[in-house]
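Subject: Handover of a structure and findings

Dear colleague,

Please find below the structure that I am handing over to you. My findings follow directly after it.

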Amino acid sequence: MDLGPGASRCFHCGGPLPATARFLVRVDALPRAVCCAGCEAAATLILSQGLGRFYEFREPPTAPPAGGARNWSAFDREAALRRYTHECAGGERELSLQIEGLHCAACAWLIETSLRRTAGVRQIHVNASTARAELRFDPHTTPLSGLLARIDALGFAPLPLSFVGDAAEGTTERRAALKRLGVAGLGMMTVTTYAVSLYAGVMQGIAPDLEQFLRFVSLLVATPVVLYAAQPFFVSAWRSLLALRPGMDVPVALSIGAAYLWSVVATLRGRGAVYFDSVVMFTFFLLLGRYVEMSLRHRAGLQHDALARLLPASSLRLTGGKAERVTPDELSAGDRVRVLPAERVPADGRIECGSTEVDESLLTGESAPRVRRAGDELTAGTLNLTGVVEMTVTRVGQDSTLAAVSRLLERARSSRPAVADLADRVAAWFVTAVLLLAAGVALYWAHADATRAFATVLAVLVVTCPCALSLATPAALAAATTRLARAGVLVTRGRALERLASADRIVFDKTGTLTRGEPRLESVVTLEPRLTAAQCLGVAAALEGHSSHPLARAFAHLTPAADAREVKSVAGCGIEGLIGGRRYRIGRLEFVREGWSGAPSAFAHDPDRTSVVLGDPSGPLAVFHLTDALRSDARDTIERLAGLGLVAGIASGDREGPVAAAVRQLGNITASANLAADGKLALVRSLRTRGHRVVMVGDGVNDAPVLAAADVSVAIAGGTELAKVSADLVLMGEGLGGLTCAVETSKRLLRIIRQNLTWAVLYNLTAVPLAASGLVEPWMAVLGMSGSSLLVVVNAMRLLGRPATRSAAQPPPLERAVHA
């Protein structure tokens, strides 16, 4: 196509060129016409960065810049950053963008390449299929407004998304799919009625003018079905051919297009067979199968969309004794908010006065209300049921628990198991084989019986459409993710379910995992007269206030002696800091002993109790004895996991006495005590070296290294810790029951995926020879292919239901996976 000065279309956006005032850009020393100053600026920027190859591979048209350069400075305001970005380590921020005007992989490549060359951009990933971008940047180097302006200058419209942002996207897709399905359905009912009359006329006789009339009417009805309802198939097929990766829509588009054109020619000539009925039936059943699959996929995102609606429209902020209604976006950390009964909590916070019952079911999956009192944490989006409470806001916007859950769900939706990638690769090769097979069948029948050649080839193309093969895995994965979300289990990586199904070892941390994570201070034993028990508690509170370990919660209600400075935390050992000019340590005895300058006298230290030691350079100061009850469902969960084939063990940093007590309550489980973080890491690596698939269950923050080393990581994360969790699965509830649900669902998931893939292969092995031999008419092929596709989707939907109830099997004799 000539895109020089004499061309009629814009070189950049593909739009019509104005009759006058054309703009020119030079590409390889040749002038190219563009329609406006915006396209001229965008093309000049692209070419100046050495990205001219974009024009060789892009799928036109590129969106022209609307209304010239826009002012993006509002996105540098603190409120906007808080709403649209999430703060990461080192002051970096990340956000999601919806990019309008992005049509193909070349557009995605252009944006990624251009932004990677921009100072301050740490990471950029653009998904061409969803027109979404994930961006991580340093606002101190390049402001967000500068990055948005750069995308805008390339000719695309970037739309920053808050964590509540994509409900409308699914609604638009669903409405468009329903419209196309409706047109195809009406067309199928009408054309099928005419086809019955035509078939009856072939057998019983029909007047030629009436037959021709029915053909023309069928043509009129089938045309909008092909041009509108079937349009996505043609667009997708063309894109995959341009990318030299033929997808499942290639044989679909070829079948619909060829059958329609053949029938049009036959109708205009007044002789020959017509296949309008097969065309509209094929289109309708394909759209129906994909609509069901899309509904299943959207249902997997309903939890995400429901989270978006949890924040209240307004809340009561208390300022100087006065209450004013403000939106949640206007709240900042430190604000005081009053939450009335039947209102939702507008932000994460801590109750200052009052008590109430709170419904946390959407976040945790547990329907029973939770009692919250002064000092307890409240999570944004939870429902206040009974009392009036006043709270101090601790986190808002992208730093809130609600946003953290949303990010985990978004990560899960974009993650795919290895079996899904394998199915896609097989489908791509299968499509190529189908096209070659159709060509071979056409050559054979052209010599054997030319009158049956087209009908036979059409039947082969239709019957071998790999819809069932391509739908087998995504449908099952969407159903499994939805099922687990209802049970309070967030799947943050799709591949984890595949690995979980084959796991044979599960290792638990004890404190905060098998126990409730609500430690209570049982007693204080002072060891030196230099500090009283109250003073020791004050020092402990000051240090533990900087710790995220579950045992630190035992000191949360105490008043710190003073602010701790130069605080240093050692994972699995303890914490040290400077208070009043003196350095203190609290934690494991071995850790505290390392800070002693001399060799202090021995002291009584009960090894059978959970305890932490406080000391300074002169020696030990106090021992704090703590208690933390096991979770009520811990024993039942371990027994059920054993029945599912997982050998359980404990890897704890606690002393042998408390760990042994936990083993006695839990039953037949092995344990290892006195393990620091590196000891737990070595244990998991040892199990994996011996060929085991290991699941590690921890609190998600303190156990991060060992969680990363396991095949599958499971975090039991409270709302305040959720933003820091990067595990494969996150249990949102108060119990461990979600673990057994996850294992059962993962095993059912792989079983159903195998069933779907087996059915798809057997169907094709049976149907292809019949179609190639001419025994299957096109309309029969349509019904067979459609039934096959619907079958795999309906089979996948079985995952939404609960598995059959089974009594927990008695655990087999456990191999000593972890050594006490």
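Six aromatic pairs are present in the structure, which is a predicted model. In one of them, the ring centres of Y260 and F276 are 6.3 Å apart and the planes meet at 70°; because planes over 60 degrees apart count as edge-to-face, the pair belongs to that class. The two residues are 16 apart in the chain and connect distant parts of it: Y260 belongs to helix α9 (residues 249-269), and F276 to helix α10 (residues 276-308). Both Y260 and F276 are buried.

Two arginines are placed over aromatic rings. R452 lies over the face of W445, at 5.8 Å from the ring centre. For R585, the charged end sits over the ring of F591, at 4.3 Å from its centre.

Seven strands make up an open sheet with mixed pairing, in the order β17-β29-β28-β27-β18-β25-β26. The edges are taken by β17 (489-491) and β26 (670-672); each has a single partner strand, so one side of each has no neighbour in the sheet. On average, and with direction ignored, neighbouring strands of this sheet are turned by 20° against each other.

Strand β25 (residues 647-651) pairs with β26 in the parallel sense, over three bridges. Within β26, A671 is the bridge partner of I650. Strands of a sheet pair through backbone hydrogen bonds, in either the parallel or the antiparallel sense.

A helix also accompanies the sheet. Helix α24 (residues 737-772) lies across β17, β18 (505-508), β27 (694-698), β28 (712-716) and β29 (729-731), and it runs at about 145° to β29.

Finally, I would draw your attention to helix α14 (residues 450-463). How far apart are the end C-alpha atoms of α14? They are 20 Å apart, and this agrees with expectation, because 14 residues at 1.5 Å a residue should span 20 Å. Helix α14 is mostly covered, with 11 of its 14 residues buried. The buried residues of α14 are A453, F454, A455, T456, V457, L458, A459, V460, L461, V462 and V463.

Yours sincerely

How values were computed:
Residues numbered from 1 in each chain as written. Predicted model: local features only at pLDDT ≥ 70, side-chain atom pairs only at ≥ 80, totals over all residues. Heavy atoms only, no water. Phe/Tyr/Trp six-rings, centres within 6.5 Å; stacked < 30°, edge-to-face > 60°. Helix = DSSP H or I, 4+ residues; strand = E, 2+ residues; numbered from the N terminus. Buried < 20%, exposed > 50% of the residue type's maximum accessible area, 1.4 Å probe, protein only. Lys NZ or Arg CZ within 6 Å of the ring centre and 35° of its normal. Pairing = 2+ DSSP bridges. Axes fitted to C-alpha atoms, helices over the stretch in contact; angles between N-to-C directions. Contact = heavy atoms within 4.5 Å. Expected span 1.5 Å × (residues − 1).
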